[in-house]
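This report goes through selected features of one structure, shown below. It takes up cover, charges, a helix, backbone angles and contacts in turn.

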Amino acid sequence: MAHILGFEGVSVSLGSRPILGDLNVSFGDGARIGIVGPNGGGKSTLLKLMTHALEPDVGQVTMVSGTRFAVLTQADSLDPLAEVAQAIHGDSERFEWASDAAMRALHDGLIPDIPLDKRVGELSGGQRRRVALAATLAAPSDVVVLDEPTNHLDIEGITYLARYLNERFGRGEGALVVVTHDRWFLDAVCDRLWEVVPGNDGAGGRDPQPGHVEEYEGGYAAYVLQRAERARLAQAAAEKRANLLRKELAWLRRGAPARTSKPRFRIEAANELIANEPPPRDTIELAKMTTSRLGKQVVDLEDVWFSYDAGAREAIEAGEQPAQVSAEFTLQDVTLRLAPGERIGILGGNGAGKSSLLGLLNGTFEPTAGRIKRGKTVVLATLSQETRELDEIGERRVVEAVHDIASHVMVGKKELTAAQLVEMMGFTRERAWTKVSELSGGERRRLQLMRLMIGEPNVLLLDEPTNDLDTDTLAAVEDLLDSWPGTLVVVSHDRYFLERTTDHQVAVMHHRVRDLPGGVDQYLELREAEIADAGAQGAGSASGSTGSGEVSEPTAKKTSDPAKERAAKKTMARLERQMGKLTEKIEKLGVTLGDVSASVAETGAYDQLAELGREIAELKDEHEALELEWLEAAEEVERWG
């Protein structure tokens with residue numbers, strides 16, 4: 001394998017804080033490297049060193065002369081005035097890339113629903129992310145670096161991306177480096193994992209220590225096995241972490257679907273670790289506990305139809321049958337019964353109606369037709385995709401925010417205090433006393449889940465719960481859910497999390513809900529067959545297509561709703577005010593940063609410099625999130641106007 005890039009004794013610090021130290025790793029042609037580690041541990045710094053966006057303080061980064069990088073960052077850097085085709089292929093003539101079968105397949109796999117002549121600024125946040133991913137993969141490169149590439153992709157898109165990357169880099173031409181929390185994707189694509197182990201900043205009187213990188217052969221399953229083996233051999237490893245690893249290892253070895261090739265180390269040692277490990281959860285015992293808490297009825301949807309069009313409800317109330325109403329229905333003729341202790345995963349493409357289904361289950365929406373019955377003892381909680389509900393308690397500490405809900409909680413047969421639960425969910429003692437307003441996105445997500453769980457619901461709805469969480473935190477969440485006695489509904493594009501936490505899956509397809517006895521694999525087979533049929537039927541009309549994004553099917557009739565249009569405009573105005581305030585804050589902090597930088601050599605205010613940089617980065621992240629919301633609100637105005 002020809003050498004491409006290597007780190008030789010590399011160390012880097014931010015001000016007085018050591019970030020990474022003594023890095024000695026390398027890769028060559030054909031490498032498919034996954035990078036994992038906790039949020040804020042140094043993964044982004046490692047990528048910057050790799051791509052020469054950041055120079056090391058000590059050591060050197062060596063690479064073959066002329067090495068070309070294609071980098072997908074989490075920031076949105078696309079030109080909003082550019083058309084989609086231009087954003088992906090630059091100034092290349094259409095015939096140059098349209099004649100390439102690989103490029104056409106890339107379009108079909110990542111942006112099948114996005115017209116190529118549409119301007120980037122008119123796209124939703126998820127669509128922009130997919131265009132950026134396509135542009136990165138289409139660019140000529142020797143090393144492709146992807147930071148969270150599965151964000152905004154549904155399960156079909158993630159499966160396609162894994163297949164594409166395996167075919168491209170499996171030929172030994174170039175290298176792939178990917179940072180992701182999607183464990184199925186890591187297992188499917190990567191043949192080596194780098195774990196960024198964070199150091200410490202010297203708090204509590206300790207000596208500051210930089211983070212470092214540990215290498216593992218194989219994908220995620222092999223990584224878990226090797227970590228468990230290292231924990232067994234190193235008796236000093238924390239017992240709590242070893243127990244958690246053994247539990248996940250038992251599931252990987254016994255219950256997980258077929259995964260990648262066998263890891264290259266002693267399988268016998270791994271089997272010894274889990275010889276006496278019970279299954280992740282006792283389904284029968286949990287069902288008994290749940291029935292005693294819930295009764296026999298949980299939530300039943302019977303012949304439910306749902307539409308956002310207010311006229312549809314009026315027509316049905318006037319006596320029309322739902323199938324005869326000329327309105328667009330998001331869900332049609334849905335019957336779904338949740339049983340006590342049931343653990344169900346919901347699959348479906350973006351916009352298929354999954355969030356609408358959750359809204360019906362938790363009472364946010366009322367059915368346009370049909371009926372919903374809820375048990376009298378149901379205590380329902382929903383983990384939303386956003387964490388805005390935490391804004392109201394921004395000045396509370398993490399432990400206080402959990403203690404406000406309850407001082408103790410039962411996890412399995414063990415009673416935990418708020419402080420113990422916070423520690424279980426990955427908050428160090430220092431972070432446990434951090435203000436909620438100062439938490440990162442992943443930490444806010446963890447706190448949001450803890451506050452729901454400690455409220456002792458017996459029905460829990462999780463909408464994309466894996467967003468912003470690292471792999472260790474996800475394992476801790478799964479461990480918590482294993483012993484939680486209640487009915488669980490999960491909507492997620494994270495295949496690993498779905499298979500790990502739910503016992504069976506259903507799909508939202510063609511506005512209906514269908515059962516999937518074969519799980520995620522069956523869903524992907526159904527979607528592939530559906531796409532193949534659609535391609536065969538549309539082959540004749542598609543032969544004359546220019547590839548500009550035109551479709552042969554009649555476009556859906558635009559529905560007008562002045563009330564929703566006004567609400568969306570109000571949302572846009574509110575977001576514009578918030579973005580304006582953030583811009584002012586960023587500009588003021590930028591001036592302060594410049595002043596501090598100019599005098600830092602004399603004052604030694606490196607900590608202040610680092611803190612200002614962190615504040616500016618967080619404000620910029622918040623501004624980007626508001627921009628995405630503004631674009632979505634603008635789409636609503638266009639939809640209902």
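## Terms and basis

A residue is called buried when its relative accessible area is under 20%, exposed when it is over 50%, and partly exposed in between, with a 1.4 Å probe and protein chains only. By that scale valine 299, at 0% relative accessibility, is buried.

The model is predicted: local features need pLDDT of at least 70, side-chain atom pairs count only at pLDDT 80 or more, and totals for chains, interfaces and linings use all residues. Residues are numbered from 1 along each chain as its sequence is written, and side-chain values use heavy atoms, leaving out hydrogens and water.

## Salt bridges

Side chains of opposite charge can pair when their charged atoms come close. Here a salt bridge is a side-chain nitrogen of Lys or Arg within 4 Å of a carboxyl oxygen of Asp or Glu. The count under this rule is 22 salt bridges. One of them joins aspartate 113 to arginine 130, with 3.0 Å between the closest N and O atoms. This pair links distant parts of the chain, 17 residues apart: aspartate 113 is in the loop between α4 (101-110) and α5 (125-138), and arginine 130 is in helix α5. Helices (H or I, at least four residues) and strands (E, at least two) are DSSP runs, numbered from the N terminus. Aspartate 113 is partly exposed, at 47% relative accessible area, whereas arginine 130 is buried, at 11%.

Arginine 396 takes part in a salt bridge with glutamate 400, where the closest N and O atoms are 3.7 Å apart. Arginine 396 also forms a salt bridge with aspartate 404, at 2.9 Å between the closest N and O atoms. Arginine 396 has a relative accessible area of 32% and is partly exposed. Glutamate 400 is partly exposed at 25%, and aspartate 404 is partly exposed at 43%. Elsewhere, salt bridges with shared partners join Asp300, Glu302, Arg337, Arg371 and Lys373 into one network.

## Charged surface patches

Patches are made of residues with over 30% relative accessible area and no salt bridge; like charges are joined within 9 Å, and nonpolar side chains (Val, Leu, Ile, Met, Phe, Trp, Tyr) within 5 Å. The areas come from the Shrake-Rupley method with a 1.4 Å probe, and for residues only the protein chains shown count as cover. Lys and Arg count as positive and Asp and Glu as negative, while His and the chain ends are not counted. Each charge is placed at NZ of Lys, CZ of Arg, CG of Asp or CD of Glu.

Arg574, Arg577, Lys581 and Lys585 form a positive surface patch. Lysine 585 belongs to helix α21 (residues 562-603) and is partly exposed, at 48% relative accessibility. A negative surface patch consists of Glu386, Glu389, Glu392 and Glu632. Glutamate 389 sits in the loop between β15 (380-383) and α14 (398-403); with a relative accessible area of 39%, glutamate 389 is partly exposed.

## Helix α16

How many of the 14 residues of α16 are buried? The number is 12, so the helix is mostly covered, buried again standing for under 20% relative accessible area. Among the buried residues are Glu443, Arg444, Arg445 and Arg446, as well as Leu447, Leu449 and Ile454.

Helix α16 (residues 441-454) reaches 20 Å from its first C-alpha to its last, close to the 20 Å expected at 1.5 Å a residue. The expected span is 1.5 Å times one less than the number of residues. After α16 comes glutamate 456, whose phi is positive, near 55 degrees.

## Positive phi angles

Most residues other than glycine have a negative phi. Aspartate 22 has a positive phi, near 55 degrees. Aspartate 22 is in strand β2 (residues 17-23) and is exposed, at 56% relative accessibility.

Histidine 511 also has a positive phi, near 70 degrees. Histidine 511 lies in the loop between β20 (504-509) and β21 (512-516) and is partly exposed, at 32% relative accessibility.

## Separations along the chain

Valine 299 is in strand β11 (residues 299-306). The C-alpha atoms of valine 299 and isoleucine 372 are 7.1 Å apart, with the two residues 73 residues apart along the chain.

Serine 355 is in helix α13 (residues 354-362) and is partly exposed, at 42% relative accessibility. Between the C-alpha atoms of serine 355 and serine 384 there are 9.6 Å, for residues 29 apart along the chain.
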